[in-house]
Amino acid sequence: MAGRIKQEDIQLVRERARIDEIVEQYVTLRNAGGGSRKGLCPFHDEKSPSFNVRPSVGSYHCFGCGAGGDVYRFLMEIEGLSFVEAVERLAAKYGIILKYEEGDVPSGPRRDPQQRNRLLEAHRVAGEFYASQLATSPDAAAGRQFVTDRGFDQSAAERFGMGFSPRSGEALSEHLRAKGFSDDELVTGGLCARGNRGLYDRFRSRLMWPIREMTGEIIGFGARRMFDDDRIEAKYLNTSETPIYKKSQVLYGIDLARRSISSASQAVIVEGYTDVMACHEAGVTTAVATCGTAFGEDHARVMRRLMADHDAFRGEVIFTFDGDEAGRRAALKTFGGDQQFVSQTYVAVESRGMDPCDLRLADGDAAVRDLIGSRVPLYRFVLDNVLSSYDLDRGDQRIDAVREAVGLSTAIRDRSKVDELFREIAGRVGVDIEQVRAEHKAMASRPAKPDLIRRELTPRSDAPAEESPAVAVGPPITSGFGAPGLADEREALKAIVQHPELARTHRDDIDIDDFTHAASRALWQHLGSTRWPDKPDPTWLPTVADRVEDPALRQVLDVAAVEPMRAGEKNAEAVVSSVLARLQVLTLSRKVGEIKSRLQRTNPVDQPDVYNRMFGELIALEQQLRQTRDRSLGIPS
């Protein structure tokens with residue numbers, strides 16, 4: 001059996017895989033200047049972007065949680081992959097055939113490195129099979145009629161990849177077997193299941209929608225019941241959890257909507273497949289839907305990353321609900337998770353209880369756009385429901401209504417609009433606005449209580465801490481590295497790490513004595529022992545990083561790779577030269593100070609030769625210091 005992936009192939013994949021291209025499949029990045037790009041960290045919840053990516057050196061670092069590394073590390077962390085799996089996935093994406101070294105292989109079961117690619121390919125072939133059935137099979141006539149009855153033409157069905165699963169229960173499995181897929185692959189991927197009489201299709205005689213990742217790859221299916229004799233009574237079925245399909249993270253239509261969501265910083269959350277189709281056909285191209293589960297925290301995290309949803313750049317999240325009691329309950333439940341977004345959350349409810357698909361059928365495309373355009377803040381929708389539960393003709397009920405209503409102010413992102421809410425409450429309830437403000441002030445001074453409508457979404461902290469033996473631990477190597485007095489050392493490291501091809505002309509002028517902090521000196525030993533490229537090379541930094549075993553030191557390297565240099569990069573060559581010259585200025589200044597101190601302690605009468613020698617060294621050092629300082633002054637302001 002093949003052993004490790006050959007090192008040259010690991011380097012080739014790393015060179016081909018642009019880290020910003022991979023990261024942008026999960027995070028919306030915006031230019032941050034200095035060759036860096038920035039977005040919300042996918043590894044922890046944050047409201048201001050601190051996740052930096054520097055494509056030129058193939059590295060990322062989050063200044064919030066400390067996560068960082070190269071393109072392999074990113075995939076390993078975000079997808080839970082091993083190193084080998086990350087290399088294999090990127091190799092498949094960029095069409096690189098990996099070569100493995102022959103040798104010993106660890107004992108125990110070994111994961112098939114091609115499993116994900118095989119499952120994705122099986123789903124692609126299944127999607128094509130289902131689509132062809134919908135287009136041509138006589139059994140699919142009911143499905144074609146459904147598409148027409150819901151207001152969609154053939155081009156819409158093809159755009160969304162709609163299909164039909166045959167009645168026989170074996171047609172797909174036979175088709176995929178003929179294409180070379182094994183029974184285990186079909187079962188693992190959720191396309192088929194095993195019964196008493198062997199393998200059978202998971203979906204039978206149903207209208208099919210392919211569910212895709214952001215990249216457009218099919219990872220599962222949604223299926224609608226079409227016939228009364230279908231033994232499974234559930235109206236909709238979805239692919240069960242598989243190695244490639246996680247329903248808590250999946251959003252139908254995300255592949256088509258992701259760019260619109262990112263550019264408009266708006267997301268429209270609807271309730272069904274046909275609602276997504278209706279919105280897109282009507283021009284609302286930011287619409288997505290969950291698949292067989294309620295909109296949850298993982299879905300919100302995906303949306304926030306796409307929208308760049310943070311304090312400095314706020315957008316809109318618009319939920320559509322039916323106007324019936326179930327829709328009202330869904331809106332209230334959504335309000336409970338509203339704090340997952342920095343963006344203002346809205347709700348769009350059609351007065352007749354129509355969903356977007358029904359509305360489009362009844363009144364056309366413009367009505368769907370008008371529905372989204374007529375959105376109201378979610379807190380206002382909830383306010384209507386709160387006040388409707390009180391008898392406002394009674395004084396005690398008015399007081400209780402005000403007390404509950406002022407709690408909605410926590411859902412208003414624009415704090416300048418809070419007083420407008422208070423005026424609205426006062427007018428609706430029929431009390432003086434000062435009474436509303438007083439209740440709000442009293443609420444703020446009271447300890448927080450659990451609430452059925454408003455709940456704080458916080459990470460669980462009830463898990464028992466892992467016990468470990470008490471050991472004496474000294475300060476990490478990076479202790480004190482952020483001190484202001486070390487700013488020039490940090491800048492020099494950034495210049496070397498980010499632009500080794502420009503710094504290489506100054507390499508002979510730098511040595512370990514130019515660095516005073518233990519972290520700087522340790523990192524320099526790794527940098528100084530590596531060949532510096534003569535042109536930009538995205539594989540150079542990961543090669544250096546592979547040699548750094550200390551996690552704290554690795555973090556210093558990650559920061560140096562992505563943090564913009566203070567002087568900017570309008571003239572990178574001049575900046576690098578100046579920054580490294582400044583480092584040498586500090587070294588020369590220390591040496592000048594040391595010699596002056598020794599001269600003060602040396603008697604020129606008793607030791608004239610020693611004194612004259614040191615004085616000559618001082619003159620030479622001061623001249624070198626002036627020349628180096630002049631070079632350092634080339635840093636742009």
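**Close-ups around strand 16**

**View 1. Strand 15 meets strand 16.** In this predicted model, strand 15 (residues 266–270) runs parallel to strand 16, and three bridges link the pair. Strands here are DSSP runs of E with at least two residues, helices are runs of H or I with at least four, and both are numbered from the N terminus; two strands pair if DSSP finds at least two bridges between them. Across from Val288 of strand 16 sits Ile269. Residues are numbered from 1 along each chain as its sequence is written, and side-chain values use heavy atoms, with hydrogens and water left out. Local features need pLDDT of at least 70 and side-chain atom pairs pLDDT 80 or more, while totals for chains, interfaces and linings use all residues.

**View 2. The other partner, strand 14.** Strand 14 (residues 251–252) is antiparallel to strand 16, with two bridges between them. Leu251 faces Thr290 of strand 16 here.

**View 3. Strand 16 from both faces.** In a regular strand, side chains alternate between the two sheet faces. On strand 16 (residues 287–290), Ala287 and Ala289 take one side, Val288 and Thr290 the other, and all are buried (under 20% relative accessible area, 1.4 Å probe, protein chains only).

**View 4. The largest nonpolar core.** This set of buried Ala, Val, Leu, Ile, Met, Phe, Trp, Tyr and Cys residues, joined through side-chain atoms within 4.5 Å, has 43 members, and Met162, Trp209 and Tyr252 make the most contacts inside it. Helix 11 (residues 273–281) is the top contributor, with five residues.

Conventions:
Buried < 20%, exposed > 50% of the residue type's maximum accessible area, 1.4 Å probe, protein only.
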